[in-house]
Amino acid sequence: MVLVEEDRSKSENNSNEKNADNSQYECNICLDTARDAVISLCGHLFCWPCLHKWLETRPNNQTCPVCKSAISKEKVIPLYGRNCTDKKDPRDKVPPRPQGQRTEAPRNNFFGSGLDGLHVSFGIGAFPFSFFASTFNITTENRMPAPAPGSTQYAEEQFLSRIFLIVAIIFIIWILLA
Amino acid sequence: MVSIATARIKREFKEVVTSDELTKCKIKLELLNDNFTELKGEIGGPPDTPYEGGTYQLEIKIPETYPFNPPKVRFLTKIWHPNISSVTGAICLDILKDQWAAAMTLRTVLLSLQALLATPEPDDPQDAVVANQYKTNNKIFVKTARHWTNIYAGSTLAAEPEFDSKVKQLIDMGFDNHKSRVALSSHLWNVEHAIESLYN
Ligand SMILES: [Zn+2]
Ligand SMILES: [Zn+2]
């Protein structure tokens, strides 16, 4: 009997905690849990449909409904939870949520690895051949994530590897003649 | 379909009713219909003001476009205040106009109105006569505001009996009670000037 009551009070506590947790993720406009959530640069959470309607209501004076700092459609960030149902939900009346901006992380690019190859070649004294090999390596085996064929990056790399190939061949001919 | 306005008022209503802070501040909210479009608000006059001890009823109408547009609020209880019309109860407060923001709630509106009672803004008046009196004859303004609190808002504090006898004088001449009080209040309680204005 006592145990049952304890359990009940525990579960009540839990549900209270849950409610308190959820209220942190309430949209500042409709006061419901934010759907298609976006966050302003000032850190305030909204449903995108709610915020969009607010921005439309006063197109000439777009301010955050909470702190009144300047706000705009371009300067809000969408929030994606794990079970994002974004694509399943057609929002006809409201334009789609602003896209998240993806910035590529820095990594070794073509030039970086090409110069490394050059350096090593000088070190072991068999420069032209290893250079030639490393040039070929790039075209045959992909050391980097392959850029999609047809993309500008792909075209650039093709172009550059051809130039290196030509330079290497000229170098070999020059050495043979010398 | 439940509109966003209705859904929000439901939530806000709960918030106001369950908040301890609001009972401390003497703020109340009451529903007048089932579709959450009309409410009655109530605020207590803030301490250390001429409105202390008074209770002010407010008419609150929720537009369909709420919360993207502000609620329409008006004083039902008559009040002598630079930013509130002594005739219609209309309110001049920026957040009920262009400074409204969608994250504001009825709770913030009621608290802001209470703050307005404590700190009038005579340079942005709703009632020009009251605002002018506030600036040029502040002592009479305070007495008059306190008198109105006593007569209309149920305060039991200082009643200004000489004001009452002047009002009675005009009523005896056949003038309406409230009109007589407005005329006297507007003319620094000068009986002759008040009578003159009532005849015009
Ligand atoms: Zn929302
Ligand atoms: Zn903000």
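Predicted model: local features only at pLDDT ≥ 70, side-chain atom pairs only at ≥ 80, totals over all residues.
Residues are numbered from 1 along each chain as its sequence is written, and chains are lettered from A in the order in which they are written. Local features need pLDDT of at least 70, side-chain atom pairs count only at pLDDT 80 or more, and totals for chains, interfaces and linings use all residues, while side-chain values use heavy atoms, with hydrogens and water left out.

**Domains of chain B**

Chain B is divided into domain 1 (4-118) and domain 2 (128-199), with bounds from an automatic or database domain assignment. Taken over C-alpha atoms, the centres of the two domains are separated by 26 Å. The contact (heavy atoms within 4.5 Å) takes 14 residues from domain 1 of chain B and 19 residues from domain 2 of chain B. On the side of domain 1 that touches domain 2, six residues are nonpolar, six polar and two charged; here Ala, Val, Leu, Ile, Met, Phe, Trp, Tyr, Cys and Pro count as nonpolar, Asp, Glu, Lys and Arg as charged, and the others, Gly among them, as polar. Pro50(B), Lys78(B) and Trp80(B) supply 54% of the area that domain 1 buries against domain 2, more than any other three residues.

**Chain B against chain A**

Here 15 residues of chain B are in contact with 14 residues of chain A. The chain B side divides into eight nonpolar, two polar and five charged residues. Arg11(B), Phe68(B) and Ala103(B) supply 46% of the area that chain B buries against chain A, more than any other three residues. Arg11(B) also forms a salt bridge with Glu26(A), where the closest N and O atoms are 3.7 Å apart.

**Interface values**

Buried area is the accessible area (1.4 Å probe) that two parts lose on being put together, summed over both. A salt bridge is a side-chain nitrogen of Lys or Arg within 4 Å of a carboxyl oxygen of Asp or Glu. A polar contact is a pair of N or O atoms within 3.5 Å; within protein, one must be able to donate a hydrogen and the other to accept it, and residues adjacent in sequence count only if both atoms are side-chain atoms.

| Interface | Buried area | Share on carbon and sulfur atoms | Salt bridges | Residue pairs in polar contact (both at pLDDT 80 or more) |
|---|---|---|---|---|
| Domain 1 and domain 2 of chain B | about 1400 Å² | 74% | zero salt bridges | four residue pairs |
| Chain B and chain A | about 1200 Å² | 58% | two salt bridges | six residue pairs |
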